[in-house]
Amino acid sequence: MRTSTIIASIAAMAIFALAPLKATAQQNNQPCIDQSAKAERKVTPDELYISITINEKDTKGKVTVEQQQNAMIKALQALKIDVEKNLTLNFMDSQVSYTTFRRNLTPRTTATYMLKLDNADTMQKVISSLETNGITNIQLVSTRYSKADELYNELGVEAMKKAQSQAAILAGAVGQSIGAAISINSWSSNSGGTQPRLYKSRAVIEENAMVSADGAEPVIEIGKLTFSVNVNVKFILNEGAEK
């Protein structure tokens, strides 16, 4: 009797142990369909970061960095730019150059600032205004879109709906329908925009811009950013077309 009880207990334990394996096997054998989809959108950058460098060497030491800085700030304020919020000092360096034969020391100071703008039109006005004040070493460093996170979420939803719709069409073609999604993989990316560019004079601006026939100010174009989200979704396949 005792032997029979032990055998029965072992058999019960084996059944319980095999149950998860059976369930896993059933799940792995579940008919399914893999579907990939992509959602993409182009947007205009609303954050432009430009680097402005002022150098005493550019004026042969006749105008100090401090004087050029004051002129730059006044020019930006005249364009209604919040200098305290959008202008930062990135780097300042002072070097001493030796004049051959004369042996006198000539100090030269350089300062680099980062300015944040929100559109190409303002950037064009900044470049023209600073050039008027003798500041021409201006570089577009990067462009960004401030609502990137929200856009990625929207594109994710769009890509998922597209994958679901395409999977349903394919399944319906063979008299079946799709069920729940049992696996979702996604990845996102962005590209495009204007590459870093150096503006040193109006000639360079005009070379890289569209000049109107009537001689109006050249228009600086900022390339759009392309955001995309890709998804790969695995849906359960049900017998019979969806009603």
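Which residue just after H2 takes a positive phi? Just after helix H2, Lys80 takes a positive phi of about 65 degrees. The structure is a predicted model, in which local features need pLDDT of at least 70 and side-chain atom pairs count only at pLDDT 80 or more, while totals for chains, interfaces and linings use all residues. Residues are numbered from 1 along each chain as its sequence is written, and side-chain values use heavy atoms, with hydrogens and water left out.

Helices (H or I, at least four residues) and strands (E, at least two) are DSSP runs, numbered from the N terminus. Helix H2 covers residues 65-78, and its 14 residues should span 20 Å at 1.5 Å a residue; the end C-alpha atoms are 20 Å apart, which agrees. The expected span of a helix is 1.5 Å times one less than its number of residues. Buried means under 20% relative accessible area, exposed over 50%, and partly exposed in between (1.4 Å probe, protein chains only). In H2 the buried residues are Val65, Gln68, Met72, Ala75 and Leu76. They cover an arc of only 95 degrees around the axis, which puts them on the same side of H2; the arc is that of the directions from the helix axis to the C-beta atoms. Glu66, Lys74 and Ala78 are exposed and sit on the face of H2 turned away from its buried side. An α-helix has 3.6 residues a turn, so residues three or four places apart point the same way.

Gly134 lies in the loop between helix H4 (120-132) and strand S5 and is partly exposed, with a relative accessible area of 43%.

Strand S2 (residues 47-55) has nine of its nine residues buried, so it is largely enclosed by the rest of the structure. In a regular strand the side chains alternate between the two faces of the sheet. From S2, Glu47, Tyr49, Ser51, Thr53 and Asn55 point one way, and Leu48, Ile50, Ile52 and Ile54 the other way. Two strands pair if DSSP finds at least two bridges between them. S2 pairs with S5 (residues 137-144) in the antiparallel sense over seven bridges, and Ser51 has Gln139 as its bridge partner in S5.

Thr53, in strand S2, is buried with a relative accessible area of 16%. Contact means heavy atoms within 4.5 Å. Leaving aside neighbours within four places in sequence, Thr53 is in contact with Thr110, Ala111, Thr112, Ile135 and Asn137. The side chains of Thr53 and Thr112 are joined by a polar contact of 3.3 Å. Ser142 is in strand S5 and counts as partly exposed at 22% relative accessibility. Not counting residues up to four places away in sequence, Ser142 touches Glu47, Leu48 and Tyr49.

Three strands form an open sheet in the order S1-S8-S6, with antiparallel pairing. Strand S1 (32-43) and strand S6 (176-192) stand at the edges, each with a single partner strand, so one side of each is left without a neighbour in the sheet. Twelve bridges join S1 to S8 (residues 225-239), and the bridge partner of Lys42 in S8 is Thr226.

How values were computed. Polar contact = N/O pair within 3.5 Å; in protein donor to acceptor, adjacent residues only side chain to side chain.
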